[in-house]
Amino acid sequence: MIAAETPQTDLPDARVIAEVIARAGSFGYEQWWSRMTAAGYCAAPIKLLRSDRAGESSVLVRCKNRRAVVCPSCSDLYAGDTWHLVHAGLGGGHHIPATVAAHPAVFLTLTAPSYGPVHTTHTSSGKGSGSGSGSGSEGESGPCRPASGSGTCPHGVVRFCMVVHSETDSRLGQPICPQCYDYTGHALFTWNAPTLWARFTITLRRLVRRQLAVLGEEPGSVRVSFVKIVEMQRRGIPHFHAVIRLDAAPLPGENNEPHNPPTGLSADNLAALAQRAARLAHLEVPGTDGELTRIRFGTQIDTQPLTIPEEPRGTASGSGGRAAAVGMARRVAGYLAKYVTKSVTDFGIAPRRFPPEAIDSLSVSPHVALLLHALAALSRPGGDTDTGGNGPQRWLHTLGYRGHITTKSRRYSTTMGALRAIRAQFQKLHTRVPSQEQRAGGGQSAERPELPEWEYAAHGHRNLGERFLVVSAALRIRESRWAARQLIDTVEAESP
């Protein structure tokens with residue numbers, strides 16, 4: 001079987017082409033292709049087996065991996081579920097009322113501190129993207145780091161860089177001077193980032209309650225809801241994108257639907273409180289010298305109030321506001337959903353665990369290698385995060401980040417499980433021929449003996465040729481879906 005993280009090249013070599021031809025011309029190709037279709041053109045399907053009195057039966061199920069490099073089909077599905085999860089909390093849907101669009105809400109971005117200057121891109125607007133995700137900024141490109149102050153660092157490395165880096169430059173995110181870069185601080189922030197986010201949410205809730213008391217309102221009358229997405233910056237450190245919303249506190253026995261909060265707090269007030277909470281939130285963790293080191297967010301904190309613009313005169317009452325709310329929810333949901341399919345493969349690391357002894361054999365940049373060694377050092381006996389073998393050394397494959405890529409508060413919107421249940425029910429109702437799993441497991445009666453559980457047999461495809469056929473089909477379907485969405489958006493924009 002081909003491993004799940006096996007890369008798929010755009011142009012197959014002669015061996016892959018021969019495998020494609022052999023598979024397409026083989027006996028039983030139509031049956032094999034129908035099984036691939038039923039598995040959603042998954043690039044790493046999981047084969048399950050079970051045996052009963054009728055014999056042995058098998059079924060292929062999706063790998064459900066969110067990483068695009070592992071499975072384009074399942075990652076696209078995960079991104080779509082994330083879109084619905086975020087969108088429902090801003091515009092309604094999936095048992096969430098559309099009135100949430102009127103709740104005070106903020107789009108928040110929290111970055112990590114600077115642990116040393118890195119190569120970046122700059123524009124005339126003054127924004128850099130070298131330490132970020134690579135989404136370019138508007139304006140004319142400028143030099144990486146213009147000359148200022150002392151010309152060299154204590155290690156004799158020139159402090160400035162006059163190169164105008166392209167977005168594909170491999171130097172982006174690499175330190176100007178690796179010896180000056182604080183790899184231990186970088187590793188400590190990444191390892192403690194999930195705890196720091198939890199500390200931020202606690203601080204924000206306390207600030208909201210305090211502000212409500214200042215306004216003479218009941219402190220417990222408002223609830224803070226959020227959804228958070230993690231993005232790995234080019235320098236290999238996480239930062240957070242989040243949507244934060246205020247709801248009315250639920251009454252005893254009330255359902256999970258969020259209601260408009262009875263407060264005078266606006267989206268601008270919430271943005272100011274989020275800024276303050278981000279600057280106050282911090283952790284005290286052991287440093288390399290045994291002293292406590294303070295971990296906190298960086299100074300680049302961006303809060304954008306999500307407000308619906310006033311309707312122009314002459315429009316139908318409520319129509320303009322609804323359209324603006326839908327557009328805003330779609331844009332924010334699309335922005336966040338695009339990050340969930342990324343992985344550390346951009347840094348040359350396979351998405352699976354590996355021991356510290358394998359670091360020197362990886363095909364990674366010197367910056368990533370030094371960071372991995374810093375993470376491994378923290379896990380050694382007596383190290384800063386020595387947890388009996390369960391420290392950062394177990395999370396080298398994620399560059400030390402041990403949290404989930406997507407998290408949310410309980411009542412922000414729907415759940416991934418609910419979305420998958422809806423999709424499974426839809427497929428069950430619209431599938432003409434029941435799958436092997438449905439035929440084997442469905443329609444049991446009290447007299448019929450219970451069937452054995454499915455057991456794992458294998459995963460992946462037999463060779464790269466089969467994987468190439470399946471991935472090509474998944475990419476064609478994705479392109480067709482995007483083209484259809486663009487056509488619908490164009491028609492809606494041109495309609496009166």
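How many residues lie between strand 1 and strand 2 in the hairpin that they form? The legends below begin with that hairpin. This is a predicted model, in which local features need pLDDT of at least 70 and side-chain atom pairs count only at pLDDT 80 or more, while totals for chains, interfaces and linings use all residues. Residues are numbered from 1 along each chain as its sequence is written, and side-chain values use heavy atoms, with hydrogens and water left out.

**View 1. The hairpin of strand 1 and strand 2.** Two residues stand between strand 1 and strand 2 in this hairpin. Strand 1 (residues 46–52) and strand 2 (residues 55–61) run antiparallel and are joined by seven bridges; strands are DSSP runs of E with at least two residues, helices are runs of H or I with at least four, both numbered from the N terminus, and two strands pair if DSSP finds at least two bridges between them. Isoleucine 46 has valine 61 of strand 2 opposite it. In a regular strand, side chains alternate between the two faces of the sheet.

View 2. Glutamine 174 belongs to the loop between strand 5 (141–142) and helix 4 (183–214). Glutamine 174 counts as buried because its relative accessibility is 17%, where buried means under 20% relative accessible area, exposed means over 50% and partly exposed lies in between (1.4 Å probe, protein chains only). When neighbours within four places in sequence are left aside, glutamine 174 is in contact with Val118, His119, Ser365 and His367, contact meaning heavy atoms within 4.5 Å.

**View 3. Aromatic pairs.** A search of the whole structure finds 13 aromatic pairs, in which rings of Phe, Tyr and Trp (its six-membered ring) have centres within 6.5 Å, and planes under 30 degrees apart count as stacked, over 60 as edge-to-face and the rest as tilted. One of these pairs, tryptophan 33 with tyrosine 41, is tilted, at 5.5 Å centre to centre and with 50° between the planes. Tyrosine 41 counts as buried because its relative accessibility is 16%.

**View 4. Phenylalanine 240 with phenylalanine 297.** These two residues form an edge-to-face aromatic pair, at 6.0 Å centre to centre and with 85° between the planes. Phenylalanine 240 lies in strand 7 (residues 238–248) and phenylalanine 297 in the loop between strand 9 (292–296) and strand 10 (301–305), so the pair ties together parts that are 57 residues apart in sequence. Both phenylalanine 240 and phenylalanine 297 are buried. Ring pairs link Phe240 and Phe297 into a cluster with Phe189, Trp197, Phe200 and Phe226.
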